[in-house]
Amino acid sequence: MSEMQLNQKGAKLVDILSGQEERILAEWMKEMTGSTRRGDLIKESELRAECTQFLKLLKQTTEAAGTDFQSPSFGPMREMLGDVSRGRAQKGFKPSETATFVFSLKRPLFDQIQTQYKGDTDAMAAEMWSLTELLDAMGLYTMEVFQKSREDMIRRQQEELLELSTPVVKLWDGILALPIIGTLDSARTQVVMESLLQAIVQTNSRMAIIDITGVPTVDTVVAQHLLKTVTAARLMGADCIISGVRPQIAQTIVHLGINLLDVTTKATLAAAFSVALQRLGISFVRDAAKS
Amino acid sequence: MAVVSTENVPVKTEPDVVTVRRRVREVSSQLGLSLVDQTKIITAASELARNTIIYGGGGSMQVQTLNGPRVGLRLTFEDNGPGIPDVDLALRDGFTTGSGLGLGLGGSKRLVNEFEIFSKPGAGTRITITRWK
Ligand SMILES: Nc1ncnc2c1ncn2[C@@H]1O[C@H](COP(=O)(O)OP(=O)(O)O)[C@@H](O)[C@H]1O
Ligand SMILES: [Mg+2]
């Protein structure tokens, strides 16, 4: 299709929009009432501003570049649709509610075409077709951005959760504790190991207690990851004690045939702490006057 | 022996292992298995589910609750993967063709009351484990 034709096509859309913005805007907003409108998630004024901005851009862009959404002239429109989409993903809109931002504009525009092309069915059909193609392309683009920003959000949350759930606490001078909660998969082990090793160096600790009270299942993969962590800590000069080994977990480990090297294991964190203090030669005496 | 209920759980990707463990925990606790027995069959299921994914290319787990005369839980892991050429060797502690500890098959056998394995190169793998109450 030549540039000339494209521009002509665009020009028609401009005619349709010109002077009718207010009316189209009102109808569009009405179309969106209901499921897509989501008054609970977006303010009426905000939505109106988005729609007004969209119509203005649509008029400018199609006037200059026709209805080919792939053309570089549609850059600002893509940017705007991207913002709309990302904003909705963050606000908690459903994918369908987001897509209809674009699709609900179809009826108001088609109504305008019908009024303006009365009698000229060929021109009307051609105009509707190019408009359908454009709005569909925009709708799909909105979905792509929506999907991508949801994926980004989930990945970010997962990363944040990983870091949140692996705190290293200093129990005493030279003694660290690392409570693990949940399952110990490869990604998790990596984070756990890094924060433990870093804390060992920073605090110059010689004992590290890895507490697995919060790990529901210790299978061979979890065991392998624990052993890897213990070995790495040893290389940094810290000895490890594994605590929170409940009786049922101890039995399972034995049946699996896992060799925990010569790592000391304890049922409770308190018992492990006591062993750690002993190894560092620290002992406590009860104050006779207070007991 | 009466099968009281049967259900299928997909075992295709790593997160499915978590689902498998959760489901086995729910069912075994409903059956009234002791905490130790629950932990044993959950751990065995975790091992076999991971093998199904890593070595079998994905498959499924069938969960059956048994009643009459004995109450028990039976799990069948099935895949259409490459199969195991030498089952005795694969069951041996420390044997792995991957990067694991090589304790999954032998270990899960020791964790349950009944262990049945059917596997042939090209014919996939089916492993059935049972833990009685
Ligand atoms: N479903 C399966 N399909 C094909 N091969 C399997 C399957 N399950 C286990 N194997 C083979 O048996 C070996 C031993 O398994 P396992 O005892 O669980 O140890 P690991 O998982 O550490 O390798 C595996 O390395 C693999 O070669
Ligand atoms: Mg295994």
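## Salt bridges across the model

Searching the whole structure turns up 23 salt bridges over all chains, each one a side-chain nitrogen of Lys or Arg within 4 Å of a carboxyl oxygen of Asp or Glu. This is a predicted model, where local features need pLDDT of at least 70 and side-chain atom pairs count only at pLDDT 80 or more, while totals for chains, interfaces and linings use all residues. Side-chain values use heavy atoms, with hydrogens and water left out; residues are numbered from 1 along each chain as its sequence is written, and chains are lettered from A and ligands numbered from 1 in the order in which they are written.

One of the salt bridges joins the side chains of A:Lys91 and A:Glu46, at 3.1 Å from N to O. A:Lys91 sits in helix α4 (residues 75–91) of chain A and A:Glu46 in helix α3 (residues 44–65) of chain A, so this pair ties together parts that are 45 residues apart in sequence. Helices here are DSSP runs (H or I, at least four residues), as are strands (E, at least two), numbered from the N terminus.

## Where chain B meets chain A

Chain B puts 20 residues into the contact and chain A puts in 17 residues, contact meaning heavy atoms within 4.5 Å. Together they bury about 1600 Å², with 59% of it on carbon and sulfur atoms; that is the accessible area (1.4 Å probe) that two parts lose on being put together, summed over both.

There are 2 salt bridges between chain B and chain A. B:Arg21 pairs with A:Asp219 in a salt bridge, their closest N and O atoms being 3.8 Å apart. On the chain B side, α1 (14–30), α2 (35–54) and α4 (104–111) each give two or more residues, and α2(B) has the largest share, with 9 residues. By class, that side divides into 6 nonpolar, 8 polar and 6 charged residues. (Ala, Val, Leu, Ile, Met, Phe, Trp, Tyr, Cys and Pro count as nonpolar, Asp, Glu, Lys and Arg as charged, and the others, Gly among them, as polar.)

## The largest pocket

The largest pocket has a volume of about 770 Å³ and a lining of 37 residues, with B:Asn51, B:Ile54, B:Tyr55, B:Thr96 and B:Thr97 nearest its centre. A pocket is an open set of points on a 1 Å grid over the protein atoms alone, with protein on both sides within 12 Å along at least five of seven lines, and lining residues have an atom within 4 Å of a point. α2(B) again turns up, supplying the largest share of this lining, 6 residues. The lining comprises 15 nonpolar, 15 polar and 7 charged residues.

## One cavity

The structure holds 1 cavity of 30 Å³ or more, a cavity being a set of points where a 1.4 Å probe fits but cannot get out.

Note on methods
Points joined across faces, edges and corners; volume = space filled by probe spheres on them.
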